[in-house]
Amino acid sequence: MSSTFDVDKARRDTRGCEQLIHFNNAGASLPPVPVADALYEYLHEEEMRGGYETMARCADALANFYSAAARLLNCTSSEIAFCDSATRAWSAAFYALDLQPGDCILAGCSEYGSNLVAFLHLARRRGVEIAWVPDDEHGQIDVTALEQRIDSRVRLICLTHIPSGGGLVNPAAAVGRVAKASNVPYLLDACQSLGQMPIDVEQIGCDMLCGTGRKFLRGPRGTGLLYVRKSLLEQLEPSQLNHHAAELISIGTYRLREDARRFECWERSCAGQVALGVAIDYALGWGLDAIKQRIGLLAAELRCRLADIDGVAVADQGVEQSGIVTLFAEQVPADRLQQQLMSRGINTSLVPFSANPVSAANRGLPPLLRASLHYYNSLQEIDRFIAELEQAL
Ligand SMILES: Cc1ncc(COP(=O)(O)O)c(C=O)c1O
């Protein structure tokens with residue numbers, strides 16, 4: 001495998017990979033040194049100076065999160081809100097849409113399970129309808145079927161860009177073209193794709209996007225972001241307001257913020273916000289094209305090596321595939337494999353049914369083991385993983 005990616009530097013910058021093999025980047029990546037240090041240093045400042053005083057001193061570092069996120073997504077910083085998770089970001093956008101009885105949500109079959117719960121919630125409370133757009137023969141959303149399903153009742157298109165399991169990358173930009181042509185708002189769950197590949201909201205054409213800090217962006221836990229396109233933002237009223245989201249003008253009146261921070265609260269993990277800004281800058285420093293290429297090379301190698309093992313099936317689909325490799329073994333259940341690998345210093349994870357329930361039900365697969373790779377993982381680690389997996393089988 002030839003690549004100009006400086007893997008040695010990536011590994012030197014990742015203290016955690018000295019002692020274990022971390023193939024659970026779709027759960028939470030190992031943060032690199034600049035991110036971890038920014039977090040520790042900020043907390044130390046709070047310890048020594050006080051939280052409010054540190055916030056004032058570190059105003060530039062806090063503001064950097066918004067500009068870094070805007071550079072990452074090719075939008076303006078006024079279209080970004082800081083959130084404590086992708087779920088919180090997705091929900092803030094979803095519940096602001098004011099869907100009415102009979103309105104229809106069109107969603108791809110790999111939609112994240114938590115989003116499905118919110119659909120069911122609004123179906124029960126408001127009489128909203130949900131229609132699942134079928135997958136094509138590659139397992140990704142069938143864009144022609146989506147196009148045919150659009151009618152005047154469709155008020156929202158939802159897509160999970162990279163599902164938690166199943167290996168595929170959905171054609172987000174093709175869905176964006178349908179959304180734009182039909183003038184339907186488009187909410188993209190980019191939780192697993194942010195930090196794994198370039199995400200340009202103009203090129204994709206999504207109107208709202210959620211992401212999390214801890215996964216492929218390598219930021220701290222308890223951080224995330226929401227993007228809302230300015231033209232839609234003006235029409236969206238958050239389902240809950242507070243005096244950060246809206247300015248209290250008098251005892252009887254308030255004025256909603258004009259920017260995406262209308263979806264925020266004032267209190268947050270300031271250390272997390274600063275460190276997420278550092279994580280985004282760090283990813284941009286590597287370059288998202290280079291990161292995507294390096295992850296693609298590693299994941300292709302792993303899928304190829306797994307295909308050679310008798311009794312193991314790779315469960316991945318898609319024309320384009322991500323760094324999330326999923327598999328099952330005929331003889332040994334996934335949870336037993338995961339535990340055995342962990343006892344040998346290799347972190348992997350399981351894909352629960354609740355991760356992407358519609359496609360899981362359609363495919364009828366057994367529980368899957370997930371080995372999710374990042375650019376700092378190495379070919380030597382893949383060799384060790386294969387050897388230990390064969391041993392465990
Ligand atoms: C596709 C997808 N969307 C959303 C989420 C939720 O992210 P968070 O835990 O940051 O709320 C996850 C988490 O695994 C995910 O895989």
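I began at the end of helix α11, where G287 follows with a positive phi near 95°. I took helices (H or I, at least four residues) and strands (E, at least two) as DSSP runs, numbered from the N terminus.

I note that this is a predicted model, in which local features need pLDDT of at least 70 and side-chain atom pairs count only at pLDDT 80 or more, while totals for chains, interfaces and linings use all residues. Residues are numbered from 1 along each chain as its sequence is written, and side-chain values use heavy atoms, with hydrogens and water left out.

**Entry 1**

I checked the length of α11 (residues 270-286): its 17 residues reach 25 Å from first C-alpha to last, close to the 24 Å expected at 1.5 Å a residue. The expected span is 1.5 Å times one less than the number of residues. I found 13 of the 17 residues buried, so α11 is largely enclosed by the rest of the structure. Buried means under 20% relative accessible area, exposed over 50%, and partly exposed in between (1.4 Å probe, protein chains only).

I then turned to helix α4 (residues 59-73), whose axis comes within 8 Å of that of α11 and crosses it at roughly 40°. Axes are lines fitted to C-alpha atoms, for helices over the stretch in contact, and angles run from 0 to 180 degrees between N-to-C directions. I recorded the residues that meet (contact means heavy atoms within 4.5 Å): among them are F65, Y66 and L72 in α4 and V274, L276 and I280 in α11. The residues of this contact divide into 13 nonpolar, three polar and two charged. Here Ala, Val, Leu, Ile, Met, Phe, Trp, Tyr, Cys and Pro count as nonpolar, Asp, Glu, Lys and Arg as charged, and the others, Gly among them, as polar.

**Entry 1: the sheet around β15**

I traced an open sheet of four strands in the order β11-β12-β15-β14, with antiparallel pairing; two strands pair if DSSP finds at least two bridges between them. β11 (312-314) and β14 stand at the edges with a single partner strand each, so one side of each is left without a neighbour in the sheet. The twist averages 40° from one strand to the next.

I looked up both partners of β15. With β12 (residues 324-329) there are four bridges; L327 stands opposite L369, and T326 stands opposite R370. With β14 (residues 349-351) there are three bridges, and V351 has L368 as its bridge partner.

Is β15 (residues 368-372) covered on one face or on both? I found both faces covered, with L368, R370 and S372 buried on one side and L369 and A371 on the other. Side chains in a regular strand alternate between the two faces of the sheet.

I also noted that helix α13 (residues 334-343) lies across β12, β14 and β15, running at about 40° to β15.

Most residues other than glycine have a negative phi. N74 sits in the loop between α4 and β2 (80-83) and, at 40% relative accessibility, counts as partly exposed. I logged N183 as well, with a positive phi of about 60°. N183 lies in the loop between α8 (172-182) and β6 (186-189) and, at 70% relative accessibility, counts as exposed.
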